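Hi everyone, thanks for coming.

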Amino acid sequence: MEITIIGTGNMGKAIGHNLEMGNDVTYVDSTHPATSFGNIVVLAVPYGALDSIVDQYGDQLVGKVVIDITNPLNFDTWDELQVPADSSAAAELQAKLPNSKVLKAFNTNFAGTLSSGKVGDTTTTVLIAGDDDAAKKSLATALEASPLQTMDAGSLKRAREMEAVGFLQMKLAASKQISWNGGFGINK
Ligand SMILES: NC(=O)c1ccc[n+]([C@@H]2O[C@H](COP(=O)([O-])OP(=O)(O)OC[C@H]3O[C@@H](n4cnc5c(N)ncnc54)[C@H](OP(=O)(O)O)[C@@H]3O)[C@@H](O)[C@H]2O)c1
């Protein structure tokens, strides 16, 4: 599968490490703009960068599976998300990209757990939420050769719960009660 990752920071690298197993992955950063995109496009950028990416690449993302991985925290207060409680960054992104298939994924996984494939002794699970079943299946298939486990978290509405989990996990790590390489694991 051809996959493009926008953003080459902690998450872009950790997600790319897994997707490179069995797929053709290309990377885009602010100094190397994209000329074409794979069928799956991972937006490994801060929440605040999503609007500029929509402005810059919206037309080229038509028909693509677009992965939102953001945790839209208010980093001034660390006390709230920047999206309404009944919405999510992913739902906002889908509204701005109505002709793309937006998925929420990876936001509940710290980068270290994607690189190692483990949360403690448990296999790292990537939750995937979205309204298009084929799009969710394509991401799960793209990760099949990686050590990660995937799980269908339901419709894109579930992105708000995933963002709440991501927020809580960050609070636990910021207060040093868990490691930035730890967090929530899922056992079947
Ligand atoms: N780190 C984690 O463990 C973790 C876990 C779950 C979710 N997340 C989410 O993952 C996202 C990325 O986090 P991160 O830790 O990887 O951050 P990071 O290390 O700071 O990397 C962010 C990347 O985004 C790029 N970027 C920013 N604006 C851009 C634009 N307009 N066009 C292209 N690239 C742009 C930056 O490139 P330049 O430096 O060139 O601008 C940088 O490569 C965030 O939304 C975060 O909430 C992170």
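**Around the ligand**

Let's start with T8: one of its backbone N or O atoms lies 3.0 Å from an oxygen atom of the ligand. Before I go on, please keep in mind that this is a predicted model.

Back to the ligand. V45 does something along those lines, with a backbone N or O atom 2.7 Å from a ligand oxygen. And then there's A111, where a polar backbone atom is 2.9 Å from an oxygen atom of the ligand. How much of the ligand does the protein bury? Taken alone, the ligand exposes 900 Å², and the protein buries 70% of that.

So who else is around? There are 21 residues around the ligand, and the ones that come nearest are N10, M11, S30, V45 and A111.

**Aromatic pairs**

Okay, next topic: rings. How many aromatic pairs are there? The count comes to 3, and I'll show you two of them.

One is F37 with Y57, and that pair is edge-to-face: 5.1 Å from centre to centre, with 80 degrees between the planes. What I like here is that the pair links distant parts of the chain. F37 is in the loop between β2 (24–28) and β3 (40–43), while Y57 belongs to helix α2, residues 50–57, and the two are 20 residues apart. Buried or exposed? Both F37 and Y57 are buried.

Now have a look at F75 and W78. They also form an edge-to-face pair, at 5.5 Å centre to centre and 75 degrees between the planes. F75 is partly exposed, because its relative accessible area is 48%, and the limit for calling a residue exposed is over 50%. W78 has 24% relative accessibility, so it counts as partly exposed too; buried would need under 20%.

You'll find K176 in the segment after α6 (159–174). With a relative accessible area of 73%, K176 is exposed.

**Asparagines reaching for backbone oxygens**

N18 is in helix α1, which covers residues 10–19. Is N18 buried or exposed? It has 1% relative accessibility, so N18 counts as buried. Its side chain reaches the backbone oxygen of L114 at 2.8 Å.

The other one, N71, lies in the loop between β4 (65–68) and α3 (89–96). N71 counts as buried because its relative accessibility is 17%, and the cut-off is under 20%. What does its side chain reach? The backbone oxygen of N107, at 2.9 Å.

**Helix α5 and its cap**

Which residue caps the N-terminal end of α5? That's D132: a side-chain oxygen of D132 lies 3.1 Å from the backbone nitrogen of A134. The helix itself runs over residues 133–142, and its buried residues are A135, K136, S138, L139, A140 and A142.

D24, in strand β2, is partly exposed, given its 42% relative accessibility. Between D24 and Q60 there are 36 residues in sequence and 19 Å in space, C-alpha to C-alpha.

Then L168, which lies in helix α6 and is partly exposed, with a relative accessible area of 45%. L168 and G183 are 15 residues apart along the chain, and their C-alpha atoms are separated by 9.7 Å.

Thanks, and I'm happy to go back to any part of it.

Note on methods
Residues are numbered from 1 along each chain as its sequence is written. Side-chain values use heavy atoms; hydrogens and water are left out. Rings of Phe, Tyr and Trp (its six-membered ring) pair if their centres lie within 6.5 Å; planes under 30 degrees apart count as stacked, over 60 as edge-to-face and the rest as tilted. Helices (H or I, at least four residues) and strands (E, at least two) are DSSP runs, numbered from the N terminus. Buried means under 20% relative accessible area, exposed over 50%, partly exposed in between (1.4 Å probe, protein chains only). A residue is near a molecule or strand if one of its heavy atoms lies within 4 Å of it. A polar contact is a pair of N or O atoms within 3.5 Å; within protein, one must be able to donate a hydrogen and the other to accept it, and residues adjacent in sequence count only if both atoms are side-chain atoms. Accessible areas come from the Shrake-Rupley method with a 1.4 Å probe; for residues, only the protein chains shown count as cover.
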